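I'm opening my notebook on a new structure today. I'll look things up one at a time and jot down what I find.

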Amino acid sequence: MRQFQTAAALALVLSLTGLAGCETIPSLHLDPLATSGRDGSAPALDYPAVMHIAAAARSSGDYGNAINLYRHAATMDTANPEPLIALGDTLLDMGKTDEAIVNYNAALKLNPQAPTALRGLAKAYLRTGRPDLASSPLAVAYQGTPNDPKLLLLIGVADDFIVQHADAQDRYQQGLQLAPGDRALSLDLALSLALSEKFDQAIATLRPITYGPGSTPQERQTLALIYGLKGDEKSARELARRDLDAASVDHNLAFYDSLRRLSPDARSRAILSASAATRPQS
């Protein structure tokens, strides 16, 4: 049976991984330095072509080629922040958070208002467990794009990190008004409600998604966590068993029990710390 990390690790930060997504493009393999024909007969690839091929490499998981191509694109159009932002997103995919931050900041030197660079930088800071550093790019981004659901999700996550759960829930709800049915917003709203001990509301928010078509292990195990925090061991076990072996189920149920014994603030810190501990390291 498939093994997954503890349900506590399937929390707010993991839902951020979908925010820097890219268009699905057929996989290609390319020598990133071979931007013209080896025999000189083919014309050099222009900037849009290099960016397109870089996106294809990233989409297929060929991060090494994607990075080299984005760096090459950055030298082709030095005033354009786009390749630096894409480079930051790729490095973030790889768990190279510090390098991603460097590239997002370089992009922001070219365009201080670039919304994708601001979101990327904030997300990178959140992945390092530094919501204080994320607040500045989030505030700038909000001034320019206050109705961006992805941005509202990030602001909500930052609020949850500093135990401002009511503010976080307002942001998630605002995002859901703009993007009804958004699964990431619903997931983080449910977890935030659980962190503020609004268990029935949290379950009502996440249960239709978890028991609907296309549910993911992250969604199922987050709901198991919420049932566990409420003290509903039967429902928590039922959901946990859908993705975990027996030993992992028992481990998670014991973990839920230990979380219930903590104060709400300590419980929030423990869950968010577990999430941070399982993020990819550079």
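Before anything else, a word on terms: helices here are DSSP runs of H or I with at least four residues, numbered from the N terminus. I also note that this is a predicted model.

**Entry: Leu118**

With that numbering in hand, I looked up Leu118 and found its place in helix 6. Is Leu118 buried or exposed? Buried means under 20% relative accessible area, and Leu118 has 5%, so it counts as buried. Next I listed what Leu118 touches, skipping residues up to four places away in sequence: Leu108, Pro112, Gln113, Pro137, Val140 and Ala141. I also checked Leu118 against Ile85: they sit 33 residues apart in sequence, and their C-alpha atoms are 9.3 Å apart in space.

**Entry: the whole chain**

I stepped back and counted 15 helices and zero strands in the protein chain. The chain has 282 residues, and 49% of them are buried. Then I took the contacts with a separation of 6 or more: 57% of them join residues 24 or more positions apart.

**Entry: the core**

Which residues touch the most other members of the largest nonpolar core? That core has 74 residues, and the answer is Tyr70 and Leu138. Helix 10, residues 183-195, gives this core its largest share, eight residues.

**Entry: helix 5**

Helix 5 covers residues 97-110, which is 14 residues. From first C-alpha to last it reaches 20 Å, close to the 20 Å expected at 1.5 Å a residue. Its buried residues are Thr97, Ala100, Ile101, Asn103, Tyr104, Ala107 and Leu108. What do they pack against? I found helix 4 (82-93) and helix 6 (115-127).

**Entry: helix 9**

I ran the length check on helix 9 too (residues 165-178): its 14 residues should span 20 Å at 1.5 Å a residue, and the end C-alpha atoms are 20 Å apart, which agrees. The buried residues of helix 9 are His165, Ala168, Gln169, Tyr172, Gly175 and Leu176. Looking down the axis of helix 9, I see these buried residues fall within an arc of 120 degrees, so they line one face of the helix. A reminder to myself: an α-helix has 3.6 residues a turn, so residues three or four places apart point the same way. On the face of helix 9 turned away from the buried side, I found the exposed residues Ala166, Asp170 and Gln177.

**Entry: rings**

I searched the whole structure for aromatic pairs and got zero. Arginines over rings did turn up, though. Arg171 lies over the face of Tyr142, 4.9 Å from the ring centre. Arg207 does likewise with Tyr211, at 4.3 Å from the ring centre.

Most residues other than glycine have a negative phi. Val163 isn't a glycine, yet its phi is positive, about 60 degrees. Where is Val163? It lies in the loop between helix 8 (149-161) and helix 9. Its relative accessibility is 27%, so Val163 counts as partly exposed.

Glu197 also has a positive phi, near 65 degrees. I found Glu197 in the loop between helix 10 and helix 11 (199-210). With a relative accessible area of 40%, Glu197 is partly exposed.

Definitions and conventions:
Residues are numbered from 1 along each chain as its sequence is written. This is a predicted model: local features need pLDDT of at least 70, side-chain atom pairs count only at pLDDT 80 or more; totals for chains, interfaces and linings use all residues. Side-chain values use heavy atoms; hydrogens and water are left out. Helices (H or I, at least four residues) and strands (E, at least two) are DSSP runs, numbered from the N terminus. The expected span of a helix is 1.5 Å times one less than its number of residues. Buried means under 20% relative accessible area, exposed over 50%, partly exposed in between (1.4 Å probe, protein chains only). The arc is that of the directions from the helix axis to the C-beta atoms. A nonpolar core is a set of buried Ala, Val, Leu, Ile, Met, Phe, Trp, Tyr and Cys residues joined through side-chain atoms within 4.5 Å. Rings of Phe, Tyr and Trp (its six-membered ring) pair if their centres lie within 6.5 Å; planes under 30 degrees apart count as stacked, over 60 as edge-to-face and the rest as tilted. A charge sits over a ring if NZ of Lys or CZ of Arg is within 6 Å of the ring centre and within 35 degrees of the ring normal. Contact means heavy atoms within 4.5 Å.
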